[in-house]
Amino acid sequence: MASVAESEFPLASRRRHRFTRQRTGRALAPYALLAPAATAIGVILGYPLYLLVKMSFEKYGLFELIKHKGRWVGTANYANILHDGQFWHVLLRTILFTVVNVTLTMVLGTAIALLLLQVSRWLRVALTTGLVLVWSVPVIVAVDIWRWMVDYEFGVANWALTELHIGNFVRHDWFANPWTGFGVITALIVWGAIPFVTITVYAGLAQVPQELLEAAAIDGAGPWAAFREVTLPLLMPIFVILTSLSIIWDFQVFQQIWVMLDFRPTSDYYTMAIYAFHQSFQISEYGLGAAIAVVMVLFMFAATLVYLRQMLRTGEVR
Amino acid sequence: MHKLGWNLLGLLVLVVMVFPVYWMVATAFKPGQQILSYTPQWFPTSPTLSNFRDAVDQPFFWHAVKNSLIIVGAVVALSVVLAFLASLALARFHFYGRKAFIVLILGVQMVPLAALIIPLYILMSRLGQVDKLTGVIAMYLTFVLPFTVWTMRGFLLGIPKELEEAAMVDGATRFGAFVRVLLPLVGPGLVATSIFAFIQAWNEFIIAYVFLHTPEKQTLMVWLASFTTLRGTEWGPLMAGATLCALPVVVFFLLVQRRIAFGLTAGAVRG
């Protein structure tokens with residue numbers, strides 16, 4: 001694929017060169033075409049990103065909000081959060097949450113993709129359709145569904161767990177204990193994230209050359225060894241991209257927790273995004289909130305770099 | 001394991017995955033006493049539309065519908081035009097800074113909204129755009145742009161440049177070649193990207209929640225998230241409301257699902 005493109009390239013560019021000389025105005029055309037989109041991205045993504053960093057070094061409270069001007073305080077906000085025990089709690093909780101959710105999503109998503117290869121055709125079609133259906137459910141709708149399923153009084157989850165003799169779940173409140181509360185939120189997020197992973201991995205599996213698997217089988221490899229030695233290395237780019245995307249999505253989790261807990265999660269439920277939101281919008285310390293958000297962005301930056309590098313490597317960016 | 005075993009496992013996965021969606025729809029059609037029952041009623045044996053009536057009779061439902069439609073309509077129209085122009089530059093021209101721009105739009109998608117919302121609020125309050133639909137439209141537009149540009153560019157790359165060049169050799173102007181040759185071929189791409197923009201704008205919650213204070217200005221997702229009646233949470237009407245909010249997205253999603261999957265990971269397995 002790449003070699004064909006390269007061999008054609010000099011010819012095509014020479015031809016293009018002649019066109020360019022004929023029309024000098026064309027040199028500016030791409031910039032004119034990009035201008036509207038670039039302006040929007042610059043004003044509403046670029047500038048706020050700069051403002052975020054700037055605010056994190058400022059005292060920015062209600063007074064400053066009205067004056068439209070922050071007051072420079074150096075690294076005071078960072079010193080403040082780094083000495084705040086709650087910040088470290090929240091950071092650790094967010095990391096743990098991300099690790100658990102990403103691992104579950106990737107393992108279950110991949111397992112279901114492999115299962116799709118084994119089942120009969122009709123079931124494969126049914127499963128794929130079902131997964132797309134789940135994928136299409138808006139997040140807020142999904143939160144409401146899960147809230148209803150784990151309702152302490154009439155929720156179907158409490159009934160089922162009691163019937164299955166897993167314990168007495170009659171009138172069990174899942175959110176009284178943050179561990180089980182986060183369990184519900186994890187179930188909701190993993191459930192919603194599986195379809196994307198499964199369908200992408202399945203599309204990748206379909207491209208693994210059958211001969212390689214047959215060759216591995218002839219060499220005496222079992223199914224697990226064939227998966228590890230043949231399929232896994234071939235699908236590595238997909239796994240890298242899916243894992244980095246999942247990390248990015250799960251680390252900034254906000255609305256699932258916020259809506260699930262009725263817009264007022266207790267501090268036991270704070271993740272980085274909620275903590276930053278609380279500091280800014282609920283107690284009007286926008287500077288502190290910005291500092292927390294900057295730390296959050298830095299953590300996610302690593303995952304973003306991995307994603308970008310992989311996208312560039314796969315030759316998508318030409 | 002035999003095929004039967006795998007099929008049974010697959011069936012179990014199917015039931016577990018689809019059940020929550022089924023449960024929403026089933027609850028939406030059940031009369032109140034079947035919902036508030038300690039033993040779940042698996043099927044709506046006497047289906048009723050009263051939950052749907054209750055849902056749409058909730059305060060501000062029609063305001064929310066109107067606002068969502070205005071926002072979604074504007075975002076779709078603007079994003080398709082802007083994305084098409086930008087992707088035309090990326091797919092059809094070689095210019096200085098092209099690759100940098102592509103990396104920029106890929107990277108910018110990853111900036112967490114939860115972090116940006118703080119400076120965005122400051123920026124929008126300076127511009128007097130808090131509690132205004134136009135501010136929300138501008139923000140949604142920008143957030144869908146990276147992905148729509150990326151997807152449109154993929155569509156344009158799939159159309160051989162030779163087609164336009166042939167038209168130009170035959171005497172068409174660059175613009176004429178564009179209108180007669182490129183535009184008809186790129187139709188499916190425009191549809192796919194506009195549906196993506198639709199879904200994003202329809203589903204978004206955080207921005208609408210933070211920026212639109214007055215109940216008359218809320219969108220459907222904020223309306224749904226804050227759905228409580230005077231009698232507390234009524235699951236029947238809530239599930240009916242949720243079904244209504246999900247319906248347009250589900251329909252459109254089924255139409256473009258393949259494109260969305262490929263946009264984020266495209267080309268990852270090409271050898």
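In this predicted model, chain B runs α-α-α-α-α-α-α-α-α-α-α-α along its sequence. The chain holds 12 helices and 0 strands. Its C-alpha atoms fill a box of roughly 75 × 65 × 35 Å along the principal axes. The radius of gyration of chain B is 23 Å, whereas a compact globule of 271 residues would have one near 18 Å. Of the 271 residues of chain B, 43% are buried. Among contacts in chain B with a separation of 6 or more, 76% join residues 24 or more positions apart.

Chain B also meets chain A. The contact involves 82 residues of chain B and 86 residues of chain A. On the chain B side, at least two residues each come from helix 1 (3–28), helix 4 (61–92), helix 5 (98–108), helix 6 (113–126), helix 7 (133–157), helix 10 (206–211), helix 11 (220–225) and helix 12 (235–265). Helix 1 of chain B contributes the most, with 15 residues. By class, the side of chain B that touches chain A comprises 65 nonpolar, 13 polar and 4 charged residues.

The largest nonpolar core has 167 residues. Within this core, A:Ala276 and B:Val75 touch the most other members. Helix 4 of chain B gives the most to the core, with 15 residues. Which residues are in contact with B:Val75, leaving aside its neighbours within four places in sequence? They are B:Ile137, B:Tyr140, B:Leu141, B:Val144, B:Ala197 and B:Ala201.

Conventions
Residues are numbered from 1 along each chain as its sequence is written. Chains are lettered from A and ligands numbered from 1 in the order in which they are written. This is a predicted model: local features need pLDDT of at least 70, side-chain atom pairs count only at pLDDT 80 or more; totals for chains, interfaces and linings use all residues. Two residues are in contact if their C-beta atoms, placed from the backbone, lie within 7 Å. Helices (H or I, at least four residues) and strands (E, at least two) are DSSP runs, numbered from the N terminus. Ala, Val, Leu, Ile, Met, Phe, Trp, Tyr, Cys and Pro count as nonpolar, Asp, Glu, Lys and Arg as charged, and the others, Gly among them, as polar. A nonpolar core is a set of buried Ala, Val, Leu, Ile, Met, Phe, Trp, Tyr and Cys residues joined through C-beta atoms within 7 Å. A residue is buried if 20 or more other C-beta atoms lie within 10 Å of its own, exposed if 12 or fewer, and partly exposed in between; C-beta atoms are placed from the backbone. The radius of gyration is taken over C-alpha atoms; the globule rule is 2.2 Å times the number of residues to the power 0.38.
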